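Please keep the structure open alongside the text.

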Amino acid sequence: MQALRELGGSGTPAEVRAKIIENEHLSQEEISAKRGKTKVNKFENEVAFARNDLAVAGYIDKSIRGVWTLTEAGKTVDITDEMASELFKNSYAEVSARQEGDGGTLSDSNVNTVRYWIYAPGQGADKWEECYKKGIMLLGWGEIGDLNTFDSKDEMKQKMKEEYGGSSSYKNSAHATWQFIHDIKPGDIIFVKKGYYNILGRGVVESAYEYDENRTDGYNNVRQVKWTHKGEWVINHQTPQKTLTDITPYADFVQQIRELFDNDVLDEEEEEEIVYPSYSVDDFLDEVYMDEEAYDNIVGVLKNKKNIILQGAPGVGKTFAAKRLAYAIMGQKDVDRVMMVQFHQSYSYEDFIMGFRPTATGYELRNGVFYTFCKKAEIDSDNDYFFIIDEINRGNLSKIFGELFMLIENDKRGIELQLLYKDEKFSVPANVYIIGMMNTADRSLALLDYALRRRFAFIELRPGFDSEGFKAYRSNLDNDKFNRLISCVESLNREIGQDESLGEGFCIGHSYFCNLSPEAIDEKTLSGIVEYELVPLLKEYWFDEPVKVKEWTENLRSTIR
């Protein structure tokens, strides 16, 4: 920040780093020492990481490509060691309050989810031996330089066109380099491939991205990896052609590859235990706009019933609350003990439990996600496991659960039944808890039958405008227009709740108004929420009462003028 101030408030990354070196009186030897034994420019990484924290906190604007500019807050704030400590804490909390689907529910971006990657080490896997011996993974396109210097994929594509020429769009190449630096995280699992059907190894990522300027083969982009397996296995599923692919969303494909290594450990008898971040009830109450009594009630019902459904209108934070409820009960963010799926009209028993799937040579019997999850929980019976089902009322529950519909009942856990496709007795372990989410404001969905209702407890999630957490968030924004808009929405919710054709299940949730910062909130932002999220919802609610829609539309608009 001081370097930017001395540059007049704005500068390129290179100018900022040069100014820091000048101010700190760093010699070339000291800079080289910062780069470490692998000659990776960690000094540039440190500056880039600091820039990102400052941008999240609102002190640096990086919207102009290749230029860092101090905001008004950045120009005037006092720079102290205490501020640096507080800045990192606040920027991390800010990242954790993002919005995702479900009409604005909060996201899970601060959870260190383990991801699975398919990776090709060079042409024809010709870099695999080197990678294995040195405990690294290599990525090409090194001629474009340190990937830390690029602020977007477009910048990478442009640099690749300049460096390599040709008519290629470099879309996939830029995506791979971007993922290599930004999306892969320590703890992620790497599966090494060769060709379409061969798997050569497995490893666990151990470091952040590094740029090795001394390599002359173009493979300058490096990450440290602990390789746990080496060999050659053949799979039935064709692997992607790309150099680097995130296969986490493809659960069946991931499971097929993981099964190759279940009973084949090369370097050690047991895999190294992963230490997950702790997560307490206080953390839950800080993040989820809910009071402690409501939390205790939900936990009590879930422990007793084994299966619950969180229901409510879009925007009350069902998805966000479900995952963090699991983390709070476990006491840590153990993502290996939490699985989430989304039901839809085409979801079937074959997807969920077991069924025949086409392969390159015919058909084979494949395990479904719930079957695999239960088997994992069965081995680890001392710990709780949580299976989360989004949009549970969109699926045909009898069709999806099949004969297991009875076994999910709390008093039927551990009882075995014969499976449909396999000569095997199967039971749902007692340590598996099912959390479903259901949208109560969607008229297109049929009501749930009594068989389902008997097996689940239903918990209504309501807007959290009155919660202490949202009040603190509102106070931090300190914006009069925002306050007027929230007050209007609270009045609107009272009318929706009293409407005989709607009721409390249709109230507008607080998540529509999250993910705002004091620096970013303005009339345009609030107007976007009103015009493109709230007004269309009111038109759906009161499709046969246009006068009421017009009245409340005007009320909402008037609060932000």
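Helix 21 bends by about 35 degrees at Leu534, and a proline, Pro536, follows within four residues. The model is a predicted one.

Helix 21 covers residues 523-541, 19 residues in total. At 1.5 Å a residue it should span 27 Å, and its end C-alpha atoms lie 25 Å apart, so the two values agree.

Which residues of helix 21 are buried? They are Leu526, Ile529, Val530, Leu534, Val535, Leu537, Leu538 and Tyr541. An α-helix has 3.6 residues a turn, so residues three or four places apart point the same way. The buried residues of helix 21 pack against helix 20 (480-498) and helix 22 (546-558).

Those two partners also pack against each other. The angle between helix 20 and helix 22 is about 160 degrees, and their axes are 9 Å apart. Angles over 145 degrees count as roughly antiparallel, and helix 20 and helix 22 are therefore roughly antiparallel to each other. Helix 20 contributes Leu485, Cys488, Val489, Ser491, Leu492 and Glu495 to the contact. From helix 22 come Lys548, Trp552, Asn555 and Leu556.

Helix 13 (residues 292-305) and helix 14 (residues 318-330) pack at about 80 degrees, with axes 12 Å apart. That angle makes helix 13 roughly perpendicular to helix 14. On the helix 13 side, the contact residues are Tyr295, Ile298, Val299, Leu302 and Lys303. They meet Leu325, Ala328 and Ile329 in helix 14.

**Individual positions**

| Residue | Relative accessible area | Class |
|---|---|---|
| Ser511 | 0% | buried |
| Asn221 | 0% | buried |
| Tyr170 | 9% | buried |
| Thr372 | 19% | buried |
| Asn515 | 30% | partly exposed |

Why does Thr372 count as buried? Its relative accessible area is 19%, and buried means under 20%. Thr372 belongs to helix 16 (residues 369-379). It touches Gln255 and Asn367, leaving aside residues up to four places away in sequence.

Asn221 is in strand 9 (residues 221-234). Its side chain reaches the backbone oxygen of Gly140 at 2.8 Å. With residues up to four places away in sequence left out, the contacts of Asn221 include Met137, Leu138, Leu139, Gly140, Trp141 and Gly142. Also among them are Phe180, Tyr209, Glu210 and Tyr211.

The loop between helix 20 and helix 21 holds Ser511. Asn515 is in the loop between helix 20 and helix 21 as well. Ser511 and Pro314 are 197 residues apart along the chain, yet their C-alpha atoms are separated by 8.5 Å.

Asn515 has a phi near 65 degrees, a positive value in a residue other than glycine. Tyr170 is not a glycine either, and its phi is positive at about 60 degrees. Tyr170 lies in the loop between helix 9 (153-164) and helix 10 (171-182). Is Tyr170 buried or exposed? At 9% relative accessibility, it counts as buried. Asn515, at 30%, counts as partly exposed.

How values were computed. Residues are numbered from 1 along each chain as its sequence is written. This is a predicted model: local features need pLDDT of at least 70, side-chain atom pairs count only at pLDDT 80 or more; totals for chains, interfaces and linings use all residues. Side-chain values use heavy atoms; hydrogens and water are left out. Helices (H or I, at least four residues) and strands (E, at least two) are DSSP runs, numbered from the N terminus. The expected span of a helix is 1.5 Å times one less than its number of residues. The bend at a residue is the angle between axes fitted to the seven residues ending there and the seven starting there. Buried means under 20% relative accessible area, exposed over 50%, partly exposed in between (1.4 Å probe, protein chains only). Contact means heavy atoms within 4.5 Å. Axes are lines fitted to C-alpha atoms, for helices over the stretch in contact, and angles run from 0 to 180 degrees between N-to-C directions. Angles under 35 degrees count as roughly parallel, over 145 as roughly antiparallel, 65 to 115 as roughly perpendicular and the rest as oblique. A polar contact is a pair of N or O atoms within 3.5 Å; within protein, one must be able to donate a hydrogen and the other to accept it, and residues adjacent in sequence count only if both atoms are side-chain atoms.
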